[in-house]
Amino acid sequence: MTNMTNTASHAWAALTAHSQTLAKKHLRDLFADDPGRASSLSLSFEDILYDFSKQRLDRETLELLVRLAEASAVPELIRRMFDGERINVTEGRSVLHVALRRSTAPFPSARMDVMPEVLVTRGRMAEFADLLRSGRCQGHQGTAIRDVVNIGIGGSDLGPKMVNQALRSLAHPALGVHYVSNLDGAQLAPLLQTLDPRSTLFIVVSKTFTTQETMLNAETARRWLEANLGDGIDLSRHFAAVSSKPERAVAFGVGAERVFPIWDWVGGRYSLWSAVGLSLMIAIGPHAFDELLHGAERMDEHFRTAPLARNLPAVMGLIGVWNTNFLGAATSAVLPYNESLKYLPSFLQQLEMESNGKSVGVSGDPVGGETCPIVWGELGNNGQHAFFQLLHQGGRLVPCDFIASVRSDYPLPGHQEALLSNCFAQSSALAFGKTEDEARQGMEKERLPAEQIAALLPHRVFAGNQPSSTLLLKSLAPATLGALVALYEHKVLVQGAIWGVNSFDQWGVELGKAVASRILPAFAEPSLAAAFDSSTQALLAYCRQSS
């Protein structure tokens, strides 16, 4: 028996048996059997409606999944996280990103209170953001800063960039906020061509201040400033930093008063609420940033106190386990029907796959089963004209999260209703499909000849039975977005607890970094290539010949 089933063998066995029974039922049958299904299989939290009635489950499934969560000690892990216990066992760290959005102290306890430093840092961020937004932050020769470039990668880029895009309707009209993460000069070089070095500020975001991508881009930015502004440049006017190593930031040229801390109990993919979100606060302002935090804080409290069966993150996480481990889904699609959420799929890819994409459990033993599915996605309306064909007729099980807002953040007459109708239509079509009889009747109404109907019929049948959930927001307000992101964060913890993995380390990321650091010197010194495999040697040789 596998590790993940050992802990909760009876609950796991019950779900396995239940899945075999439920497999005989189509979503059409499930809706026919339960007229109140849309109401009983949906939950709401403030301005978020979570409709999971189009998932391939019933009320009994949910009851069995809750038993699995209880047997897997999900409530205990939730308590331990909020109590500040070191649940990141491989790094010996507490997991306290929830402290970053709290408005009250002490937390997690009077004995171990991190809130004083959190609140001081938040206050410093607000002061700096206000300075920039008012035009009082000056660059070269007293020129007001008008462009801010966030240099980071992974959690130091994806979170702030995603939320900045999502809340762009609130952005400061005279400040440009940009994001650079890629080592490829094709990202940084064209951006620099559009900026005035006299009025540009770079925020270097790196916990260790040694991240290869971030530091190379930061060094390039520094050289660009020096080349354009000459020997009299005061670099401290053009840099800020977010790091747990302030001395390294100061040595780089950042003024000590512009170095903002991040702590070891904040993982990168959970860090947008910290000083990592400084660029975001600059863009939308401290008040909107606070609203974002308050929304996340309220979701935290819901997650901490609500019973599992009515707990949005718990139910969402359990449905993901059901789809992965009992229905056999290998992937999961995130489909926002909101242009402002275009970066949400990328953000969730890191959040979910970096957290739970593991085959070794907390104990160090193989988990012995499937863990995190491959997360992918795109703006839903665009995806309809690309990969939705596979979703409808490709024969693969692909659970989907449809995400939309009732009110548009950029309203144009007729647009929002058309957008939402497409969103609702796709989830319905994926669930119910089109039977052979329905396809035939449709072609008969078109008055197609019998022989053409016979030829086209196999192509116009849709199996349906594709599971999906719909997250419907009243609007893309900061507080609602904060709650949505926290919802997905906590979903990850629930699933990690059931799969028995540590959701808060990322050793797989470190391996690639280490290998890259060994390969880089071989570009300058060909003899070093001999230490690598024959494929890498050949690739290096080709680069030397082609450069």
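User: How do the residues lining the second largest cavity divide by class?
Analyst: That lining has six nonpolar, two polar and one charged residue (Ala, Val, Leu, Ile, Met, Phe, Trp, Tyr, Cys and Pro count as nonpolar, Asp, Glu, Lys and Arg as charged, the others, Gly among them, as polar). This is a predicted model, where local features need pLDDT of at least 70 and side-chain atom pairs 80 or more, while totals for chains, interfaces and linings use all residues. Numbering runs from 1 along each chain as its sequence is written, and side-chain values use heavy atoms, without hydrogens or water.

User: Which residues line it?
Analyst: L100, V118, T121, R122, M125, W263, W273, S274 and A275 line the second largest cavity. Its volume is about 50 Å³.

User: How many cavities of 30 Å³ or more are there?
Analyst: Three. A cavity is a set of points on a 1 Å grid where a 1.4 Å probe fits but cannot get out, and lining residues have an atom within 4 Å of a point.

User: And how much space lies in the largest cavity?
Analyst: About 180 Å³. Of the 19 residues lining the largest cavity, G320, N323, S332, P399 and K491 are the closest to its centre.

User: What classes are in that lining?
Analyst: The largest cavity is lined by eight nonpolar, eight polar and three charged residues.

User: Which element gives the most to it?
Analyst: Helix 14 does, giving five residues to the lining of the largest cavity (helices are DSSP runs of H or I, at least four residues; strands are E runs of at least two). Helix 21, strand 8 (331–337) and strand 10 (400–405) are also among the elements giving two or more residues to that lining.

How values were computed
On a 1 Å grid over the protein atoms alone, a cavity is a set of points where a 1.4 Å probe fits but cannot get out, and a pocket is an open set with protein on both sides within 12 Å along at least five of seven lines; lining residues have an atom within 4 Å of a point. Grid points are joined across faces, edges and corners, and a volume is the space filled by probe spheres set on the points.
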